[in-house]
Amino acid sequence: MPHYAPQSELETHTVSNQPKAFGDVDLFASDKALKGAVEKAGGGMHAAKLSEFGKRCGAFETQDWSRQAQENLPKLKSFDRFGHRLDEVEFHPAYHNLMSLGLDSGLSASAWNEGEAGHVLHGAMMILMNQADAGVTCPMSMTYACVPALQSTPEIADAWVPRVQASSYDPNFLPADRKTGVTIGMAMTEKQGGSDVRANTTRAVPDGQGAYILTGHKWFCSAPMSDAFLTLAYTDEGLTCFLVPRWKPDGTRNGIHVMRLKDKMGDKSNASSEIEYHGAWAERLGEEGRGVRTIIDMVQHTRYDCILGSTGGIRAALVQALWHTSQRRAFQKALIDQPAMRAVLADLVIESEAATAIAMRVGASLDRMATDEQEAAFMRLATPLAKYWVCKRQPGFVYEALECHGGAGYVEEGPMPRLYRQSPLNAIWEGSGNVIALDVLRALSREPDSLEAMQAELKKPLGRHHAYDAHVGRLADYLTPGNLHEGTARGFARDAALALQGAALHEMAPDFVFEAFCAQRLASDRNGLLYGDVSPDVDQGRLIERAIPAV
């Protein structure tokens with residue numbers, strides 16, 4: 001779609017010293033960090049597909065879809081005009097265009113359809129899609145992540161996994177067997193428990209025909225127009241996982257009542273809701289009483305998507321900062337050439353590079369885990385660590401990128417306010433900071449092979465940079481008996497994630513990027529509290545040149 005220039009010659013003044021609109025750009029080919037990391041992670045064969053998808057995500061038309069979907073919020077239709085219960089959510093056409101862009105391109109299915117580097121392909125697509133619109137990636141993520149849980153029960157997997165793998169977005173509200181493709185949601189938490197799902201009160205009783213009937217509430221159900229939901233409910237044997245479709249086998253609507261839509265600070269294009277099960281028909285997934293065990297593999301994959309979502313949001317904010325400062329002039333220089341601004345931008349580039357590298361490294365471990373036990377062990381610990389740190393870094397990063405615009409960054413007509421409101425989401429979704437840090441402790445105690453796999457990973461760059469070596473040495477101090485406990489869990493998660501980012505950059509990025517990260521994030525004299533306080537060992541020019549998108 002052509003992007004025509006607006007009028008710049010006005011009666012009172014000439015509009016000048018303003019950056020051109022950013023768009024119609026290949027978000028993959030112009031991101032050297034992502035392109036290189038995909039190659040190093042074994043996904044080079046997907047470059048052409050990712051470039052085509054990157055062009056579509058970076059198009060002006062897609063930007064306009066995102067704007068419309070964010071401004072025209074989802075609407076709950078509880079009843080029709082005759083009083084019949086509907087429990088449907090109505091979306092703006094732009095939302096459906098975005099959903100079609102992602103799902104028809106294989107974002108949710110590629111990890112399971114591609115024989116080689118499928119999770120890396122999915123990861124790169126998720127990073128790109130989050131730059132197009134982050135809200136619609138929530139249902140795409142859950143649809144991708146549901147497959148391991150579905151596979152716990154073969155007869156359910158036989159019916160539902162092919163629908164997930166169809167790479168087709170079908171917005172019609174129909175029984176799943178009448179659609180070209182499906183989306184899958186989750187409904188886990190309740191008002192009284194939140195992350196403590198064992199405090200749930202939803203009950204499931206056998207219907208005498210092999211299925212169950214659910215009664216209870218769920219305080220958070222994202223994407224309520226999904227075709228089915230993975231949910232937790234208590235049976236006599238304990239907390240159990242269930243698949244609850246929107247339609248019952250007899251073709252009638254299931255007893256899932258959408259009570260209200262959430263009024264959220266961000267993520268506006270996505271509908272999130274509170275629901276109640278009023279005698280909802282459900283099928284059991286996995287063993288009775290082992291619901292958390294059944295759902296945990298899905299959670300690992302959605303946590304991977306949290307890393308990817310924040311990585312995409314970080315890259316989107318960085319691109320906006322680089323684009324603006326490269327074209328806006330002040331005091332006879334482009335902003336990007338002002339020493340103070342240049343230092344801030346270089347520091348932001350380091351953060352974005354580190355997020356991209358660790359995201360793709362986790363993706364590679366997901367691809368390799370079926371045939372490599374060490375990679376499987378590495379994935380189990382690296383995923384929550386990367387989720388903890390990358391997602392926590394996003395809000396401060398986006399704020400700093402916003403400040404690069406000055407007052408223009410604070411105006412709703414630009415992209416930065418939306419990116420800023422979106423930025424805390426992934427740090428909260430699938431476990432906030434304390435939950436993740438405690439999960440890391442549990443992984444270390446219950447699965448010592450995961451620690452061994454992480455330590456083997458961290459050994460690879462030893463001897464390449466003194467700051468990296470020293471940081472890994474300090475990390476080992478946590479493992480002294482008595483040093484690692486709930487009070488120090490967050491510190492360990494931070495330091496372990498930083499070490500893993502360093503190792504990932506050593507594997508996936510040029511040496512000058514790895515060295516800049518070590519000097520800026522790992523050296524003992526850098527506290528990391530202030531973007532732009534840059535070590536003299538950092539090659540600012542090369543970092544910025546590598547990161548700035550060429551259009």
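**Exposed and buried elements of the predicted model**

Arg81 is exposed, with a relative accessible area of 75%. In this predicted model, the residue belongs to the loop that connects strand E1 (75-79) with strand E2 (85-90). Between Arg81 and Pro139 the sequence separation is 58 residues, and their C-alpha atoms are 29 Å apart in space.

The side chain of Arg521 forms a polar contact of 2.8 Å with the side chain of Asp347 and another, of 2.9 Å, with that of Glu351. When residues up to four places away in sequence are not counted, Arg521 touches Asp347, Ile350, Glu351, Arg393, Leu498 and Tyr531.

The partners Asp347 and Glu351 fall within helix H11 (residues 339-368). The largest nonpolar core comprises 162 residues, of which Met129, Leu230, Met360 and Met454 touch the most other members. Helix H11 gives the most to this core, contributing 17 residues. Another core, of 15 residues, lies apart from it and includes Tyr212, Leu214, Tyr277 and Ala282.

Helix H4 (residues 93-104) consists of 12 residues, and the distance from its first C-alpha to its last is 16 Å, close to the 16 Å expected at 1.5 Å a residue. Its buried residues are Ala94, Tyr95, Leu98, Met99, Leu101, Gly102 and Leu103. An α-helix has 3.6 residues a turn, so residues three or four places apart point the same way. Just after H4, a positive phi of about 95 degrees is found at Gly106.

At the level of the whole protein chain, the secondary structure comprises 20 helices and 11 strands. The C-alpha trace spans about 75 × 70 × 40 Å along its principal axes. A compact globule with 551 residues would have a radius of gyration near 24 Å, and the value of 24 Å for the protein chain therefore agrees with that expectation. Of the 551 residues, 57% are buried. Among contacts with a separation of 6 or more, 72% are between residues 24 or more positions apart. The protein chain exposes about 22,900 Å², of which carbon and sulfur atoms supply 50%.

Notes: Residues numbered from 1 in each chain as written. Predicted model: local features only at pLDDT ≥ 70, side-chain atom pairs only at ≥ 80, totals over all residues. Heavy atoms only, no water. Helix = DSSP H or I, 4+ residues; strand = E, 2+ residues; numbered from the N terminus. Expected span 1.5 Å × (residues − 1). Buried < 20%, exposed > 50% of the residue type's maximum accessible area, 1.4 Å probe, protein only. Core = buried A, V, L, I, M, F, W, Y, C linked by side-chain atoms within 4.5 Å. Polar contact = N/O pair within 3.5 Å; in protein donor to acceptor, adjacent residues only side chain to side chain. Contact = heavy atoms within 4.5 Å. Rg over C-alpha atoms; globule rule 2.2 N^0.38 Å. Areas by Shrake-Rupley, 256 points an atom, 1.4 Å probe, with all protein chains shown as cover.
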